[in-house]
Amino acid sequence: MINTSYKLLVLDIDGTLLDKNGNISSEDTEALAKAANAGIQISLSTGRVVQASSRILNQLSLDGYHIFFDGALVYNPKKDEEVYVKPISQELVKQMVDFIRLNDENIDLYSGTHFFVEQESWVSDIRRQFFGLEPTVIDFAKVWPKERIIKGTLVVRSAEEKAKAENFRRHFENNLTFSLTKTPAYPEVDFINIIALGASKGEALEALVSFMGVPLAEVVAIGDGGNDAPLLSKVGLAIAMGNATDELKALADHVTLNVDHHGVSAAINKFLLSTL
């Protein structure tokens with residue numbers, strides 16, 4: 001029997017759907033297909049950019065509207081249709097570039113279609129190998145005046161890099177939104193997403209459900225990271241992965257199994273594909 005209380009399932013990617021090898025289990029894939037066949041709409045909600053999510057969208061045959069850039073974009077890649085976007089202002093991008101140059105830091109900048117770096121590094125290697133993103137190497141002075149930048153990311157692993165990232169965050173904390181994300185594939189690396197002030201997965205969800213005509217009470221969300229908290233706090237049923245942060249587990253209505261034990265399929269089978 002199908003539980004008809006919920007119309008929309010919103011899922012994080014890294015640490016929720018993807019394991020440390022970057023794979024989605026057959027159990028999760030099958031459960032998602034059953035949910036979709038039962039008429040439940042499925043949207044991804046990720047800190048990733050669109051291009052870094054395309055493989056997952058194709059693998060799961062998802063052709064609807066999704067949340068990208070940690071909540072700064074709601075977009076349908078198949079239709080090339082933006083529902084909501086909150087880019088970083090041109091002036092703030094310039095200030096970010098000036099700051100990282102002054103303090104000898106590296107930052108990634110993302111438009112809707114491009115991933116910009118000023119030089120190749122271990123970070124661009126990760127982007128290429130794991131996320132499937134090919135960088136555009138360019139002087140950032142040529143980027144900020146012309147491109148609509150939706151997200152920046154500080155990718156750090158050493159104590160020195162993390163200290164510099166914290167200095168950056170303190171400098172811009174009143175003007176930008178920061179969220180720390182992780183992926184099981186690189187447990188030692190911090191991915192610090194930088195988006196426009198006020199942007200979040202929760203705000204993006206409100207734009208998404210308004211567009212789709214689905215009440216928030218009829219939404220189920222599953223996530224594992226701190227950036228999923230604004231998402232889980234909005235929905236009718238909030239589910240944290242077994243590998244989620246303690247803070248997210250405390251916020252959730254239910255804690256499912258971890259990503260290596262197919263927590264997504266366990267949650268779908270428990271709450272969406274059977275009567276409660």
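1. Leaving aside neighbours within four places in sequence, which residues is Glu 81 in contact with? Glu 81 is in contact with Tyr 65, Val 74, Tyr 75, Asn 76 and Phe 211, where contact means heavy atoms within 4.5 Å. Glu 81 belongs to strand 5 (residues 81–85), and with a relative accessible area of 26% it is partly exposed; here buried means under 20% relative accessible area, exposed over 50%, and partly exposed in between, with a 1.4 Å probe and protein chains only. Helices (H or I, at least four residues) and strands (E, at least two) are DSSP runs, numbered from the N terminus.

2. This is a predicted model, in which local features need pLDDT of at least 70 and side-chain atom pairs count only at pLDDT 80 or more, while totals for chains, interfaces and linings use all residues. Residues are numbered from 1 along each chain as its sequence is written, and side-chain values use heavy atoms, with hydrogens and water left out.

3. Helix 1 (residues 26–37) has twelve residues, and among these Asp 28, Ala 31, Leu 32 and Ala 35 are buried. Seen down the axis of helix 1, the buried residues fall within an arc of 100°, so they line one face of the helix; the arc is that of the directions from the helix axis to the C-beta atoms. An α-helix has 3.6 residues a turn, so residues three or four places apart point the same way.

4. The buried residues of helix 1 pack against strand 1 (8–11), strand 2 (41–44) and helix 9 (263–271), whereas the face turned away from the buried side carries the exposed residues Ser 26 and Asn 37. Just after helix 1, Gly 39 takes a positive phi of about 95°.

5. Glu 206 is found in helix 6 (residues 201–212), and at 36% relative accessibility Glu 206 counts as partly exposed. Not counting residues up to four places away in sequence, Glu 206 touches Leu 216 and Lys 234. Between Glu 206 and Leu 216 there are ten residues' separation in sequence and 7.8 Å in space, C-alpha to C-alpha.

6. By comparison of sequence and space for another pair, Glu 81 and Ile 40 are 41 residues apart in sequence and 21 Å apart in space, C-alpha to C-alpha.

Definitions and conventions:
Expected span 1.5 Å × (residues − 1).
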